Amino acid sequence: MRPPVRRPGPGMGPKLADSVDELRAAGNQSFRNGQFAEATVLYSRALRTLQAQGGSNPKEESILFANRAACHLKDGNCRDCIKDCTAALALMPFSMKPLLRRASAYEALEKYPLAYVDYKTVLQIDDSVASALEGINRMTRALMDSLGPEWRLKLPSIPLVPVTAQKRWDSVPLEYHKEMAKRKFRETTTSKSRASSAGDVERARVLKEEGNELVKKGNHKKAIEKYSESLSFSDMESATYSNRALCHLALKQYKAAARDCTEALRLDGKNVKALYRRAQAYKALEDYKSSFADISSLLQLEPRNGPARKLQQEVNQSLN
């Protein structure tokens with residue numbers, strides 16, 4: 001007979017926990033308490049119980065694998081973390097938590113190409129995930145250092161995430177995005193990046209110019225890659241962010257465009273192009289109040305800006 005897993009009950013000793021839900025809840029509590037080995041045991045029992053029931057519940061099974069993977073990652077057991085994340089993803093493809101945890105484990109094991117692929121996959125699902133954005137920047141630098149300028153050609157293939165698995169701006173309340181923008185603002189203001197060497201700044205400039213040339217040719221996807229590489233060497237150039245925002249707008253990636261414009265304006269509050277492009281992005285996202293606010297700020301800087309005045313009229317019509 002297996003030993004009981006107990007939890008407190010009112011006015012009596014701990015109560016037996018045998019169901020999958022109870023075992024998962026007990027595992028979650030142990031994890032929150034920092035008892036990762038105990039949480040691993042509880043999640044393992046929940047998995048065995050679920051599998052013994054014979055019914056197909058891939059979502060629940062995937063969550064349990066992902067939870068156990070988090071325990072392994074906390075304990076530094078990266079290989080078992082990767083195994084559990086892979087099992088979770090086989091059951092529920094393109095789940096963000098196992099992708100992020102597997103990426104962290106690959107990174108810890110210095111398997112940078114595999115980590116890059118997982119971080120990149122997460123950003124296809126939701127391109128505002130800060131940990132994935134930071135991971136991509138770290139992996140880009142590591143891969144350029146280890147594999148040279150042709151590093152992209154040496155990567156495993158990156159899976160194409162179906163549209164049904166991608167997060168949409170409209171699926172989350174606007175207030176959430178505004179709060180996240182404020183939080184990101186604070187984080188980037190207080191902890192903005194490493195000091196760039198003169199060589200890094202020069203490489204960033206060259207990559208930005210290459211991106212500009214690609215924009216002139218209409219190759220916005222490749223231009224985004226160049227601007228992103230540029231920012232991995234020096235992320236203090238406002239124009240690089242606003243240029244990348246232009247590419248996102250061309251590709252109808254409005255959320256990414258708005259985010260890049262916010263970064264550009266953090267570095268230069270008078271970047272007229274960033275204000276205009278963020279106003280365009282907000283308009284496309286039907287956030288007309290924010291769009292109008294950006295146009296108003298722009299027109300205070302350049303009262304005779306014709307395109308901005310035209311956009312202001314369009315947004316005003318949508319507001320009324």
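Helix 11 (residues 238-250) meets helix 13 through Ser 242, Asn 243, Leu 246 and Leu 249. On the helix 13 side, the partners are Ala 274, Arg 277, Gln 280 and Ala 281. Contact here means heavy atoms within 4.5 Å. Helices (H or I, at least four residues) and strands (E, at least two) are DSSP runs, numbered from the N terminus. This is a predicted model: local features need pLDDT of at least 70, side-chain atom pairs count only at pLDDT 80 or more, and totals for chains, interfaces and linings use all residues. Residues are numbered from 1 along each chain as its sequence is written, and side-chain values use heavy atoms, with hydrogens and water left out.

**The whole chain**

- The chain has 15 helices and 2 strands.
- Of its 320 residues, 42% are buried. Buried means under 20% relative accessible area, exposed means over 50%, and partly exposed is in between (1.4 Å probe, protein chains only).
- Take the contacts with a separation of 6 or more: residues 24 or more positions apart account for 54% of them.

**Helix 11 with helix 13**

- The two axes come within 10 Å and cross at roughly 25°. Axes are lines fitted to C-alpha atoms, for helices over the stretch in contact, and angles run from 0 to 180 degrees between N-to-C directions.
- That makes helix 11 roughly parallel to helix 13. Angles under 35 degrees count as roughly parallel, over 145 as roughly antiparallel, 65 to 115 as roughly perpendicular and the rest as oblique.
- The crossing of helix 11 and helix 13 is left-handed. That term applies if the near helix is turned anticlockwise from the far one by less than a right angle; clockwise gives right-handed.

**Helix 12 with helix 13**

- Helix 12 (residues 254-267) packs against helix 13 (residues 272-284) at an angle of about 150°. Their axes are 8 Å apart.
- Helix 12 and helix 13 are therefore roughly antiparallel.
- From helix 12, the contact uses Tyr 254, Ala 257, Ala 258, Cys 261, Thr 262, Ala 264 and Leu 265. Helix 13 brings Ala 274, Leu 275, Arg 277, Arg 278, Ala 281, Tyr 282 and Ala 284.
- The crossing of helix 12 and helix 13 is left-handed.
- Ala 258 lies in helix 12. Ala 258 is buried, with a relative accessible area of 4%.
- Not counting residues up to four places away in sequence, Ala 258 touches Arg 278, Ala 281 and Tyr 282.
- Ala 258 and Leu 285 are 27 residues apart along the chain, and their C-alpha atoms are separated by 9.6 Å.

**Helix 13 with helix 14**

- Helix 14 (residues 288-301) packs against helix 13 at an angle of about 160°, with axes 8 Å apart.
- Helix 13 and helix 14 are therefore roughly antiparallel.
- Among the residues in this contact are Val 272, Leu 275 and Tyr 276 of helix 13 and Tyr 288, Ile 295 and Leu 298 of helix 14.
- The crossing of helix 13 and helix 14 is left-handed.

- Over residues 272-305 the chain is 79% helix and 0% strand. The end C-alpha atoms of this stretch are 10 Å apart.

- Asp 84 is found in helix 4 (residues 78-91). Asp 84 counts as buried, at 6% relative accessibility.
- The side chains of Asp 84 and His 72 make a polar contact (3.4 Å). A polar contact is a pair of N or O atoms within 3.5 Å; within protein, one must be able to donate a hydrogen and the other to accept it, and residues adjacent in sequence count only if both atoms are side-chain atoms.
- Asp 84 touches Phe 65, Arg 68, Ala 69 and His 72, not counting residues up to four places away in sequence.
- Ala 37 lies in helix 2 (residues 36-53). Ala 37 is exposed, with a relative accessible area of 53%.

**Loop residues with positive phi**

- Phe 94 lies in the loop between helix 4 and helix 5 (96-108). Its phi is near 65°, a positive value in a residue other than glycine. Phe 94 is partly exposed, at 26% relative accessible area.
- Lys 252 is found in the loop between helix 11 and helix 12. Its phi is near 60°, again positive in a residue other than glycine. Lys 252 counts as exposed, at 62% relative accessibility.
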